[in-house]
Amino acid sequence: MRLLKVAGLRKSYGAVDVLRGVGLEARGGEIHGLLGENGAGKSTLMKILSGVTRADAGSVTLDGEPLTLGRPTASTAAGVRTVFQELSTLPQLTVAENLLYGAEPTALLGHVRGRRLRDQARELLARFGLERIDVDRRLGTLALGDRQLLEVVKALRETPRVLILDEATSALSAEDSAWVLGQGRRAAEAGAVVLLITHRLAEVRAHAERVTVLRGGDDVLAVPTAEADDDELIAAMLGRRVERLYPRRGGAPAGPLLRVSDLSVGDRVGPLDLTLHEGEVLGIGGLQGQGQRELLMALGGAVPWSGSARLRDAPYAGTSPKRAIADGVTLVPEDRQREGLLLADPVARNLTVGSLPRFTRPGGLIDAAREATAAAAQATQVGVAHDRLGSPVSALSGGNQQKVVLGKALLADPSVLLLHDCTRGVDVGTKAEIFTLIAELADRGVGIVLYSSDLSELANVCDRVLVMAEGRLVGEVPSGELSEEAILRLAVGSVPDRAEVAA
Amino acid sequence: MSTATVPVERRLRLPRPRIDWGIAVTTLLLATLVVVDLSLQPALADITQIGLLVQTALPLLFVAAAQTLAVLVRGIDLSVGGVFAVANTMTAVWVGAAGGNHQLLLLAVLVAGLAMGAINGVLIAGLGFQPFIATLGTWTAYGGVALMILPSDGGAVPLVLTSILNGTVAGIPASIVIVAVLLLAWRVLRTSRFGTQIYAVGDDEERARLNGTPVRRVRLLVYALAGLCAAVGGIMLAGATSTGSPTAGDPYILMSLSAVVIGGTSLRGGAGGVGLSVMAAFSLILISDIASAMNLDVWVSVAASALLLLVMVTARALVERRAEGRTP
């Protein structure tokens, strides 16, 4: 029996320990599920196994033989094949060139024999029942689902000893997911160790014989799947958290503020309806990349969308960030450095840059005194030290930069604030300050839409949480029932019946 | 959750006629200019005359080929001007002055070009310099070397070179044969495994690495080959003008970039090719030929080239949008 054994694997990036001595045992002939929240270390573990990343310490053996890792070519030579979540196929090359990359049939001088290459690619596709895919097309012109299927075909070009499916089904339709998992099963039956990394609890339950749960860079549970129920697995994924981060809220949400119906962004997101109330903190949850970003960008006017919306009693168009801000809807984007800040400019200017017309005299010159006063007032509100107003934003810590972004957004005096993962990469102390600020704003009647990749944040800061999957709203956790478990349950789809959405 | 199964029929795609619009647009441009030039100067329709026209184009063709290689791996090579000048002055001074085996000495010039390109490659692939910065620096450095070899225009180009360039092979002017050899060499490179790796690195470096591509080695070799091509360009100019010039290379830097862009090689890397740039470079030469045939001022041909750059970039964007539809 083939056996993959990982022991004491450690990896840190700077001061952050991503893996703290992870262990894992997976047998050949079985599908082994690997579960964990975002940031639990799953992806890092897979990257080490596939040779993309080097581990700091620890050992990996296959059938008792140590595996040489650290380079993709070494892992491949050892028989480890990975179907990457972020596709590894090259968009400008053709399907045939991609499928046989590095194993092209060559003649003299490394000349690739074009016809034979295409024939081999066609044979390979036929082996997997994918004859419909044209081997001469540039890969980038294929639909995302087909590209993911080709990723699987490429990984199974030669029989693997270890097959890693790294969230390979997360972007796929049910039909395609079933196909991918079927290929995983076939590889297992041929004796391979198959590791299935997924967020979908139901998938692990349906396909994996065993499951290992990672949390915070440690393996916290390893059981045969049949011996653990969903609650046990979810509890293992979450663990215990003891953080007093979250402020008490005073007021309760009042009447409707922003009503959106039939919102769609391209064909990836929507149609969906939602209502935000005055003084409400509305959470948007779900796994990463389920359309939350697009939803917030659309509401903030940063991407084109279709559908209709009313802000208080007036129609709301949201056609550009500028108009959205003028109407009272302000978006705080996810990537503060790229989308929110002028890094080389001083803090004061960053605070006022979104509202410069207010400080501009007739003729186009800026009233420096009024600008400085406003900047100082904002700095006080969001808790940035006044002596930093003159320094470039790039000199500030991540947390302080985020406060500047918030200060800028608040200077426009919004009635709706859209926050996209505004505490990512922010230290705990600043997080608490930001949450307090959110609570104060809500108590003043501002409606806040908050997306966060951190479940505990959603559960503790929001009045209610809408959960998204594949671009749609799949459920709502009302205020009385808010908990990390409830959100995660909807997000991983272990209770598919609760698809009705009260908006 | 939307888990409705997609009917298989819906995903079948009709086979599209395979027209490579990038090549089509560039070919059309070249063909149009050839027709215009021939109608203005009917005397050109003669193999010897064409050979002479191609001879004037040779230096640019080779520098454009060099630039294309760098751009394909998502880089840029400003130092082609410097490498060109070093090769040009070496040919006019060292090779010309030395007695004996000129062919061997010309080979040494090519090796020097390869070495200068490899230095770029080490700076960029090995030490992680931005291609723009690294080759901006080496351009100046190589330019200095050229001035050291030959402080002002002059020198003596070996006769063997001029006679090769002005000769014929089986009745075909040597310049045309040289272009054919360049295109053939490119085809061999393009269809080799190394060629696929070049495109892979330019397409997406991270993904290329995931696929086991030796990314740094590919980059280094590509810059070395670019140095070689730029050196050939310098030798060609020396042969065509029978003299050396330490500053002759500089105009070719921007002209080669124009040729790359007009030809349709993506500045983002991974798409395009030397053949396209060669056609575009020849188009630029034809424009100045047409302008001089019509007795137009120099500024007209310069302005026309600039306009062409903008027109081609626009045309390409429009055609690609229609051909590809919406691609992510």
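Before you start, a working rule: a residue is buried if 20 or more other C-beta atoms lie within 10 Å of its own, exposed if 12 or fewer, and partly exposed in between, with C-beta atoms placed from the backbone. Helices (H or I, at least four residues) and strands (E, at least two) are DSSP runs, numbered from the N terminus. This is a predicted model, in which local features need pLDDT of at least 70 and side-chain atom pairs count only at pLDDT 80 or more, while totals for chains, interfaces and linings use all residues. Residues are numbered from 1 along each chain as its sequence is written, and chains are lettered from A and ligands numbered from 1 in the order in which they are written.

**Exercise 1. Work out which residues of helix 2 of chain B are buried, and which are exposed on the other side.**

Step 1: check the length. The expected span is 1.5 Å times one less than the number of residues. Helix 2 of chain B (residues 21–40) has 20 residues and should span 28 Å; its end C-alpha atoms are 29 Å apart, so the two agree.

Step 2: pick out the buried residues, which are B:Gly22, B:Thr26, B:Leu29 and B:Leu33. They sit on the same side of helix 2 of chain B, because they cover an arc of only 55° around the axis. (The arc is that of the directions from the helix axis to the C-beta atoms.)

Step 3: turn to the other side of helix 2 of chain B, where B:Leu28, B:Ala31, B:Thr32, B:Val35 and B:Ser39 are exposed.

**Exercise 2. Find what the buried residues of helix 5 of chain A pack against.**

Step 1: the same kind of length check. The 12 residues of helix 5 of chain A (144–155) should span 16 Å, and the end C-alpha atoms are 17 Å apart, which agrees.

Step 2: list the buried residues of helix 5 of chain A; among them are A:Leu149, A:Leu150, A:Val152 and A:Val153, along with A:Glu151 and A:Lys154.

Step 3: look for contacts, meaning C-beta atoms, placed from the backbone, that lie within 7 Å. The packing partners in chain A are strand 6 (80–83), helix 3 (95–99), helix 4 (114–127), strand 7 (162–166) and helix 6 (174–189).

**Exercise 3. Locate A:Pro392 and say what it touches.**

Step 1: A:Pro392 is in the loop between helix 13 (368–382) and helix 14 (398–411) of chain A.

Step 2: A:Pro392 counts as partly exposed, because it has 16 C-beta neighbours inside 10 Å.

Step 3: leaving out residues up to four places away in sequence, A:Pro392 touches A:Leu343, A:Ala344, A:Asp345 and A:Pro346.

Notes. Contact = placed C-beta atoms within 7 Å.
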